[in-house]
Amino acid sequence: MDPIQLLLEGVLDHVRPLTDGAPAAYIPELATADPDHLALAVVGPRGRIFSVGDDHIEFSIQSISKPFVLALALQEHGLDAVLQRVGAEPSGEPFNAISLEARTGRPANPMVNAGAIATSALVSGDDIDERTGRIVDMLSAFAGRSLWIDEGVYRSESETGFRNRALAHLMRSYGIVDGSVDTAVETYFRQCSILVTVKDLAIMAGTLAFGGINPVTGRRVVTEAIARDVLSIMASCGMYDFSGEWMLRVGLPAKSGVSGGLLAAAPSQFGVASFSPRLDEHGNSVRSTAVMERLSTSFGMHVFEQH
Ligand code: GLN
């Protein structure tokens with residue numbers, strides 16, 4: 001077996017005994033996930049992909065869509081216009097918190113639900129389908145293949161997404177979200193329901209790590225400046241109210257989602273992603289977090305380490 005493959009298998013063996021936590025249940029469709037699934041993928045500078053474990057399993061991207069929709073909003077409007085609608089400060093609160101600036105109604109950052117709904121609402125298009133189409137195209141370019149929406153997950157989100165709807169209505173009252181609240185939230189639910197594998201996520205992280213160029217297809221997806229801006233926000237806000245400790249322990253810009261996926265980018269070196277559905281109290285995958293900690297400490301990946 002390839003030595004890198006072997007090494008990644010070793011990381012999975014190390015975290016497999018961790019069975020704390022539980023898959024997300026507040027979106028009924030996510031509760032049906034097999035809690036034992038575990039996968040890891042890495043993509044290097046020349047687009048070589050290494051993956052181990054349940055690397056063929058598809059799951060909904062959930063919050064990991066947020067940095068990539070932010071990239072699309074930045075491409076369409078530029079940084080200053082985006083910052084008018086959403087901040088860039090860690091909220092220190094759970095992902096679904098009602099944390100809006102008192103005077104302006106601006107959400108703390110684009111990596112929590114409120115901020116992600118505001119960001120998604122910036123994507124141009126006349127209706128839900130047109131906006132979703134642009135989002136799916138952008139995420140597909142990051143992944144290097146055509147991605148799809150899981151209609152079952154989407155329905156499940158839409159039927160139970162009262163809190164997200166409430167957030168969107170509040171932001172609509174401040175003018176942070178324009179136009180139809182329905183269009184904004186349904187587009188957001190659809191973006192969360194896009195199906196990916198751990199390999200897709202590693203390539204998406206790799207595209208950010210390599211300055212906006214997909215390392216597998218060789219295509220430029222976003223400018224270097226956008227990749228840098230997105231990674232900066234992931235570094236301070238990507239892991240919800242665990243973002244500070246994450247930076248300390250793992251030291252890589254990252255993003256997690258409630259289906260158990262987690263991706264991280266080592267700038268100019270590689271993209272990495274892990275998947276395992278059991279979540280901790282922050283809504284981050286227990287084993288995926290452990291995978292990244294293990295990789296970071298064993299291979300000196302922390303961005304503030306001497307290379
Ligand atoms: N779709 C989920 C929600 O809005 C995404 C949350 C997450 O992955 N943290 O609640």
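Student: Where is glycine 260 found?

Tutor: Glycine 260 sits in the loop between E5 and E6. Helices (H or I, at least four residues) and strands (E, at least two) are DSSP runs, numbered from the N terminus. Residues are numbered from 1 along each chain as its sequence is written. This is a predicted model: local features need pLDDT of at least 70, side-chain atom pairs count only at pLDDT 80 or more, and totals for chains, interfaces and linings use all residues.

Student: What are the mean pLDDT of the chain and the share of residues that reach 70 or more?

Tutor: The mean is 96, and 100% of the residues reach 70 or more. pLDDT is the predictor's confidence in each residue, from 0 to 100. The model also scores ipTM 0.96 and pTM 0.97.

Student: Does glycine 260 count as buried or exposed, and why?

Tutor: Buried means 20 or more other C-beta atoms within 10 Å of the residue's own, exposed means 12 or fewer, and partly exposed lies in between, with C-beta atoms placed from the backbone. Glycine 260 has 30 such neighbours, so it counts as buried.

Student: What does glycine 260 touch beyond four places in sequence?

Tutor: Its contacts include Pro23, Ala33, Phe59, Phe275 and Ser288. Contact requires C-beta atoms, placed from the backbone, within 7 Å. Arginine 106 is 28 Å from glycine 260, C-alpha to C-alpha, and 154 residues away in sequence.

Student: How do you know whether valine 198 is buried or exposed?

Tutor: Valine 198 has 31 C-beta neighbours inside 10 Å, so it is buried. Valine 198 belongs to helix H9.

Student: What makes helix H4 largely enclosed by the rest of the structure?

Tutor: Eight of the eight residues of H4 (residues 113-120) are buried, so the label holds. Among them are Asn113, Ile117 and Ser120. The buried residues of H4 pack against helices H2 (66-77), H3 (79-85), H7 (162-174) and H8 (181-192).

Student: Which residues touch the most other members of the largest nonpolar core?

Tutor: Ile117, Ala202, Ala205, Ala254, Leu263, Ala264 and Ala273, out of 103 residues. A nonpolar core is a set of buried Ala, Val, Leu, Ile, Met, Phe, Trp, Tyr and Cys residues joined through C-beta atoms within 7 Å. Helix H9 (residues 198-209) gives this core its largest share, eight residues. Domain 1 (3-51 + 195-299) and domain 2 (63-192) each contribute at least three residues to this core. Those bounds come from an automatic or database domain assignment. Alanine 202 contacts Ala41, Val43, Leu263 and Ala273, among others, leaving aside neighbours within four places.

Student: How far apart are the centres of the two domains, taken over C-alpha atoms?

Tutor: The centres of domain 1 and domain 2 are separated by 21 Å. Their contact takes 36 residues from domain 1 and 32 residues from domain 2. On the domain 1 side, H10 gives the most, seven residues. By class, that side has 19 nonpolar, eleven polar and six charged residues.

Student: How do you know that the ligand lies between the domains?

Tutor: Both domain 1 and domain 2 give residues to the shell around the ligand, so it lies between them. That shell includes Gln62, Ser63, Asn113, Glu157, Gly257 and Gly283.

Student: What is the make-up of the shell around the ligand by class?

Tutor: Three nonpolar, seven polar and one charged. Ala, Val, Leu, Ile, Met, Phe, Trp, Tyr, Cys and Pro count as nonpolar, Asp, Glu, Lys and Arg as charged, and the others, Gly among them, as polar.

Student: What phi does tyrosine 240 have?

Tutor: A positive one, about 55 degrees, although tyrosine 240 is not a glycine. Most residues other than glycine have a negative phi. Tyrosine 240 lies in the loop between H10 and H11. Its 24 other C-beta atoms within 10 Å make tyrosine 240 buried.

Student: And what of serine 268, buried or exposed?

Tutor: Serine 268 has 10 C-beta neighbours inside 10 Å, so it counts as exposed. Its phi is also positive, near 65 degrees. Serine 268 lies in the loop between E6 and strand E7 (270-275).

Definitions and conventions:
Near = placed C-beta within 6 Å. Contact = placed C-beta atoms within 7 Å.
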